[in-house]
Amino acid sequence: MTESAPAPSFELLPGGAESPVLLHVPHSARTIPSEVRAGIVLGDAELERELDHITDAHTAELAERAAALAGVTPWRFVNRLSRLVVDPERFPDEREEMLAVGMGAVYTRTTHRAELRPADTDPRPLVERYFRPYARAMTRAVTDRLAATGRAVIIDVHSYPSEPLPYELHAAGPRPPVCLGTDGFHTPPELTRAAREAFAGCEGTGLDSPFAGTYVPLELYGRDARVGALMVEIRRDTYMAEPGGPSGPGLGRLASALAALVDAL
């Protein structure tokens with residue numbers, strides 16, 4: 001979806017003052033500002049199909065429902081623009097392994113490895129306009145939770161397709177209904193255990209396949225053990241019509257499970 005008027009890049013939705021939990025929803029939106037759309041080479045119909053594949057559809061609603069169900073309301077940080085503008089979870093430099101398939105912070109290739117932007121596109125204007133303000137705001141949100149509660153727990157809310165897409169670098173492994181992405185520094189065993197218990201009724205969980213790791217703002221990553229983090233990747237066929245269709249009854253079950261995880265933290 002192209003939008004001509006300026007749109008907020010992200011939104012921090014307050015939770016309980018005593019909650020350390022921050023539900024991070026980075027890939028749920030389809031909105032692309034018109035000036036960014038101008039740099040994308042796909043036609044409108046092709047772009048809509050790409051958005052169907054690349055968007056973590058309904059994950060903002062999932063986080064909203066879970067927040068409403070939780071005993072103590074978690075905070076939510078929601079990206080309001082498509083990840084085709086910038087992907088706020090990528091490294092903005094050569095550390096990013098997805099550069100190998102044209103999907104660094106600014107994508108130049110699609111999920112099917114077709115051209116999205118010219119290969120020589122300079123990513124810096126989009127990184128400065130969208131990526132860095134997002135990163136600063138997310139850092140503030142986490143440090144505010146640290147100041148208020150002495151700790152912070154980032155739960156990264158994602159979804160992924162039931163069948164691998166050509167861009168995936170690690171597609172050969174299991175594709176469980178709920179994949180839990182972990183980090184050796186920021187994901188303590190008790191956090192993984194709580195997630196396994198919370199999602200036990202959601203047809204099965206797995207670890208770090210097909211997607212591994214989790215998101216922590218770079219200023220805190222690997223430095224502050226008070227920041228816990230876990231990525232929750234939900235297989236799309238468990239709650240929606242793929243690739244970009246409506247949600248189904250599975251969304252309610254998953255929202256209850258996510259709320260249970262929030263309450264356990």
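Me: How do the residues lining the largest pocket divide into nonpolar, polar and charged?

Reply: The lining has 20 nonpolar, seven polar and 16 charged residues. Ala, Val, Leu, Ile, Met, Phe, Trp, Tyr, Cys and Pro count as nonpolar; Asp, Glu, Lys and Arg as charged; the others, Gly among them, as polar. This is a predicted model: local features need pLDDT of at least 70, side-chain atom pairs need 80 or more, and totals for chains, interfaces and linings use all residues. Numbering runs from 1 along each chain as its sequence is written, and side-chain values use heavy atoms, without hydrogens or water.

Me: How is a pocket found, and which residues lie nearest the centre of the largest pocket?

Reply: Rolling a probe the size of a water molecule over the atoms shows where empty space is left. On a 1 Å grid over the protein atoms alone, with a 1.4 Å probe, a pocket is an open set of points with protein on both sides within 12 Å along at least five of seven lines; lining residues have an atom within 4 Å of a point. Here 43 residues line the largest pocket, and Glu-89, Arg-90, Phe-91, Glu-96 and Thr-214 lie nearest its centre. Helix H4 (124-149), strand S6 (152-160) and strand S9 (227-235) each give two or more residues to that lining. H4 gives the most, with five. Helices (H or I, at least four residues) and strands (E, at least two) are DSSP runs, numbered from the N terminus.

Me: Is Asp-224 buried or exposed?

Reply: Buried means under 20% relative accessible area, exposed over 50%, partly exposed in between (1.4 Å probe, protein chains only). Asp-224 has 15%, so Asp-224 is buried.
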